[in-house]
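Dear colleague,

Please find below the structure that I am handing over to you.

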Amino acid sequence: MHKTELTDLLRFLNASPSCYHAAANIASALEKAGFTRLWESRPWDVAPGEGYYVLRGDASLIAFRVPRDIVSGFRIAAAHSDSPTFKIRESGEVPSAGNCLRLSVEPYGGMIQRSWMDRPLSVAGRVMVRAEGRIVSRLVDVDQDLLVMPSVAIHMDREVNKGTALKANVDLLPLFAEGREPGEFRRLIARTAGVAEGDLLATDLYLYPRAPAVLTGLNREFLAGPRLDDLLCAFGCLQGFLAAEESGSLPVLAVFHNEEVGSGTRQGADSTFLTDVLERFCDRLGYLGESCRIAAAESFLVSADNAHAVHPAHPEYADGQEAPVLNGGIVVKYSAAQRYTTDALSDALFREICGDARVPVQRYSNRADLPGGATLGNISAAHLSVHSIDIGLPQLAMHAAYEVAGARDYQYLVRAMTAYYSRRIRFGPMGVEL
């Protein structure tokens, strides 16, 4: 593993405490690479050889580079910026027993709730503020050890190690301050945002663990940290997108928000965001009607969202024949019920690309009696009917506050996505030409 690759990855993970920060950091990397931001509310002017990106909802981003010579359709990779966490309600503070002040929060996505307890937490996200007669969005990160969710002592709950159920509205409200003076949290957020309290209009704020992402293991072969699902794939796809050579196809990087809650938002994969961007691109370059549909038919989507590695303590949860391991390579995911979009064609094509790039590939299927969740692939394909495959990096403790993955697998993803974006692929009546 190249040290620089891991250093850049850790820096990104630790600088992205919320989905909004993740999208902003990806946008910053694109701008450093010469990409120009486009605004959906303004006309677009795109030119061959140039790169562009679009933000929607401050947490979803689509980037593309216009090839000088367009030979075939779109080469798309999609990941997501959000992770399971707790959203802070606008009401903010909750006076509690023992002269304590807690924050009112609501679970966002399906997480391992107990993993959030008894560890330092803080707050990050975006706020809407009044500035010079406008409503503007501003990133916020209260960069300090601010909160904690204290457990009930074992002396008071002797059954705690047998799996005591937690109540989100009782056990999972983080301790914020001593005393009952109202308004302190809102004043803190206003100060952090650099505005007067009266100019703080509304918030999208979330909790995040303060423990940073680190390399661990005897030979630093593991990566441990928060939000590995799915920022590992988002950043790995970004690096491959930026490193790729021109292939004659239109390379597209999509990073969606709200995957953890079903994607059914204006900035989620179940929105028109991707089709809106691609249709506007086709319109600007004169690819109208049938030409745009031909481009879609010649396109390919890699849906990148992490996969379950076989657990060292509980191998019984994995399928005995298709159970990926940490640092064993990229995982191709399969589902007979099409929870994952992989089929024989997309599998064969992607494996050829990985084989040429010397990237190992593993297979994953859920145990037949343990159905998995849906991913970005089948949601996106419902709006844009293209060939698609679901992949991911193997990890442990998915949806915990602190997750574990293999360090080498990240390198494999960057190498595979660089090859994917660089490869000229033609879909025709006689098969797929590589």
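Contact here means heavy atoms within 4.5 Å. In the protein chain, 76% of the contacts with a separation of 6 or more are between residues 24 or more positions apart.

This is a predicted model, in which local features need pLDDT of at least 70 and side-chain atom pairs count only at pLDDT 80 or more, while totals for chains, interfaces and linings use all residues. Residues are numbered from 1 along each chain as its sequence is written, and side-chain values use heavy atoms, with hydrogens and water left out.

The protein chain has nine helices and 22 strands (DSSP runs numbered from the N terminus: H or I of at least four residues for helices, E of at least two for strands). Its radius of gyration, taken over C-alpha atoms, is 22 Å, which agrees with the value near 22 Å for a compact globule of 434 residues (the rule being 2.2 Å times the number of residues to the power 0.38). Of the 434 residues, 52% are buried; buried means under 20% relative accessible area, exposed over 50%, and partly exposed in between, with a 1.4 Å probe and protein chains only.

With kind regards
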